[in-house]
Structures are given as C-alpha cells and as structure tokens.
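Thanks for making time this morning. I would like to take you through one model, beginning with the overall fold and then moving to a few individual residues.

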Amino acid sequence: MLSEKLHNELNSQVNFEFFSAYLYLSMAAYAESIDLSGFANFFRIQFQEEQFHAMKFYDYIFQKDEIVELEAIAKPDMRFENIVNVFQKACEHEKLVTSRVYKLADIATEEKEHATISLLNWFIDEQVEEENKFNSLLKRVKRSENNPAALYMMDDELAARVYTPPIIA
Ligand SMILES: [Fe+2]
C-alpha cells in the first residue's frame, strides 16, 4: 500500500519517464536529420534507458499492490538550433528530472515510507550519473562545434554506444 499522495506522484513519474524517453527520441530524430548518426544512436539508447526507468516505477507501484494509471504522453520539444542546443536542452531536462526525484524523496521521507526511499535512492544515484554524462558531453560538443573533424570523431565514438540494462533492477 501507498498513501494516495505518494501513489499519485509515483504514477505521474511513470508518465514523466516516458516523456523523457520521447524527448530523447526527438533528439535522436533531430541528430539523424542532420546526418549525425552516432549522436542519433546515443539518444536512441537514452530513449531505451528512460523506458527502463519508467518500468522500474511501474513495477514498483504493482509491487506495492497499487494500480498504474497510464496518462497521455506530452509532445516533446522538436525545435533545436544545433547539436549544442540539443545537449543544452538535455542538461536542463536532467536537472528537472533530478528535482522531481528529490520531491518524491521528500514526500517518501515525510511519510517514513522506507521501501520507496530505497527505490528513490537508486534514482538519486542514477541522476548524479545522468547529469554528469550530459554535462561532460555538452562541454565536448561545445568545443567541437566549429571543428567538423572533432564533431565527426565524437559522432563515431557515440555510434559505438550500446544499451546495457542495469543489472540491479
Ligand atoms: Fe529517467
């Protein structure tokens, strides 16, 4: 069982993680449209990671004997000025994700809901990695912005990224 408040917030996080997946898919589509297929690959994998996050919340809600209510997924931003702008928006988005996870953790802590706190600790750690990953890629893409050779090297590198689901689900 979960309190109504926590149940609603966790349910809305399922939707938000799917929205994140959709946003990264829109970034993949943009990268594809400007012939950066390695960047597109990177964002397609991010799309998969976000679906994994959504399902982690989804499974948890059922484990707590509650029901998931699926909502409509909002249309993601598809207007990007260039590849640097994509990473700027990705960094902003990850900050928003972190603030939502913190808010959930605040509620779970208030309610002394220790199982949910444990779930959210996984997401708190994950967000440190996510923010770090996007911030460092933003710095690199900014440096490569006016250097096509460097940008294509980065594209080759990102083409090699493969999806590996976390071992501890
Ligand atoms: Fe996520």
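This is a predicted model: local features need pLDDT of at least 70, side-chain atom pairs count only at pLDDT 80 or more; totals for chains, interfaces and linings use all residues.

Residues are numbered from 1 along each chain as its sequence is written, and side-chain values use heavy atoms, with hydrogens and water left out.

Let me begin with the fold. The protein chain has five helices and zero strands, where helices (H or I, at least four residues) and strands (E, at least two) are DSSP runs numbered from the N terminus. Along the sequence, the pattern therefore reads α-α-α-α-α. A compact globule with 169 residues would have a radius of gyration near 15 Å, and the 17 Å of the protein chain agrees with that; the radius is taken over C-alpha atoms, and the globule rule is 2.2 Å times the number of residues to the power 0.38. The C-alpha atoms fill a box of roughly 55 × 25 × 25 Å along the principal axes.

Among the contacts in the protein chain with a separation of 6 or more, 83% are accounted for by residues 24 or more positions apart, a contact being heavy atoms within 4.5 Å.

Now to the metal. Which residues coordinate the iron ion? They are Glu17 (OE), Glu50 (OE) and His53 (ND1), at 2.0 to 2.2 Å, and their spacing in sequence is E-x32-E-x2-H. Glu17 lies in helix H1 (residues 4-33) and Glu50 in helix H2 (residues 37-63), so this pair ties together parts that are 33 residues apart in sequence. Donors are N, O and S atoms within 2.8 Å of the metal (3.2 Å for Na, K and Ca), and because water is not among the atoms, sites may look incomplete. Glu17 counts as buried at 1% relative accessibility, and Glu50 is likewise buried, at 2%.

Gln127 is placed in helix H4 and is buried at 3% relative accessibility; setting aside residues up to four places away in sequence, Gln127 touches Glu94, Val97, Thr98 and Val101. Ser144 is also found in helix H4, which covers residues 114-144, and with 8% relative accessibility Ser144 counts as buried. With the neighbours up to four places away again left out, Ser144 touches Ala150, Leu151 and Met154.

Finally, the backbone in two loops. Most residues other than glycine have a negative phi. Asp35, however, has a positive phi near 60°; this residue lies in the loop between H1 and H2 and is exposed at 59% relative accessibility. Lys112, which is not a glycine either, has a positive phi of about 50°. Is Lys112 buried or exposed? Lys112 sits in the loop between helix H3 (83-110) and H4, and it is exposed, with a relative accessible area of 64%.

Conventions
Buried means under 20% relative accessible area, exposed over 50%, partly exposed in between (1.4 Å probe, protein chains only).
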